[in-house]
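Please keep the sequence and structure at hand while reading.

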Amino acid sequence: MNKAALLLEEWRGTIAETEFWGHLVGVDSQGAIRYQAGDPYYVTYLRSAAKPFQALPFFRRQLHKRYGLTMEEQAVLTASHRGQPFHVEALESLLRKLNLNEDQLVCGATYPLHAPSHYQLCHECREERRLYHNCSGKHLGLLAVCLAEGYALEGYEQVDHPLQREVLAAVSEMAGLPQEHIQLGIDGCGLPVFAMPLYNTAQAFLKLARPELIGDPATSEAVRDLTAAMNGRPEWVSGTRLICPALLMDSNIVAKGGAKGIYCFALKREGLAFAFKVLDGSEEKWPYLVASILLQIGYPDENTIGRLLELCPEEIRNSRGEIVGRHQAGFRLN
């Protein structure tokens, strides 16, 4: 394994106060590594970056059409939602349409990740709900597949359940990596989570952007439908003022991140996909890192880059609004 690369520095005055290290890879539609920093084959868990692939069994069966799902309801199936009111509205509608009970979800009951929604519910003395869990949309989609196939609903989170075997096969197909080379763990929501090299993760995201690269027609059509929902309703994929909608508002980009520093995105026109891992697991610098990548490769959409830099500006300000430092990318893409 190559050594980690310096991805980002925070400068305060004349001193680099904080450093963020990690690994980054960019691949093209021929599978060639076009860009890298650190180890392009660094193995890490996809965490929630896997959600578009975990939604494939649902979309491959065209269940979104069978149940007449709105674009919002389709997008939240791929989401790490923040439990904002518009997310909860879509999730409750899904419960009714799919004829499921909230207690059937194995993800734990929580309060929303969206702080104002969290505080409001606490102020109202409302209880935690499984539906508020940021993975609940994914779980609803998986349970719907079980209903469609007559699979047991109980135990759908187990790695040997036929549903999870299908999900693993889909991840393997998209990543171009044999199933036996994909390492498994348990995610925060109780489902299997997949670890693989960043190179293969980027390949999987490239197929989200370029479904014509997928050999199976049903999977290719499913990818077109689910990414159309992600681009069509970007705030339902995470929440307001976050990196995923900032990227997904650009119809040329498919993007999704996961816990502990993993972020992935692909460019449709350019036929490029990137995956990177911030080793300390932090997420707040993602927008600046992605903006740096896009600037270095000459990405033409200034609005997309501008949205990212609004979330994590180059300048660092104190509580008085004074500029006291700056962010600086630590890598240079050849």
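Two strands are taken to pair if DSSP finds at least two bridges between them. The model described here is predicted. On that basis, strand β1 (residues 5-12) is joined to strand β2 (residues 15-28) by seven bridges, and the two run antiparallel.

**Overall build**
- The chain contains 13 helices and 11 strands.
- A compact globule of 334 residues would have a radius of gyration near 20 Å, and the chain agrees because its own value is 20 Å.
- The C-alpha trace spans about 60 × 50 × 35 Å along its principal axes.
- Of the contacts with a separation of 6 or more, 63% are between residues 24 or more positions apart.

**Surface and charge**
- Of the 334 residues, 57% are buried.
- The accessible surface is about 13900 Å², and carbon and sulfur atoms account for 48% of that area.
- There are 33 positive and 39 negative side chains, with the centres of the two sets 2 Å apart.

**Strand β1 and its partners**
- Strand β1 is mostly covered, with seven of its eight residues buried.
- Towards β2, leucine 8 stands opposite phenylalanine 20.
- Two residues lie between the strands in the hairpin of β1 and β2, where glycine 13 takes a positive phi near 65°.
- Strand β1 also pairs with strand β11 (residues 323-329), in the antiparallel sense and over five bridges.
- In that pairing, tryptophan 11 stands opposite arginine 326 of β11.

Key. Residues numbered from 1 in each chain as written. Predicted model: local features only at pLDDT ≥ 70, side-chain atom pairs only at ≥ 80, totals over all residues. Heavy atoms only, no water. Helix = DSSP H or I, 4+ residues; strand = E, 2+ residues; numbered from the N terminus. Rg over C-alpha atoms; globule rule 2.2 N^0.38 Å. Buried < 20%, exposed > 50% of the residue type's maximum accessible area, 1.4 Å probe, protein only. Contact = heavy atoms within 4.5 Å. Areas by Shrake-Rupley, 256 points an atom, 1.4 Å probe, with all protein chains shown as cover. Lys, Arg positive; Asp, Glu negative; His and termini not counted. Charge placed at Lys NZ, Arg CZ, Asp CG, Glu CD.
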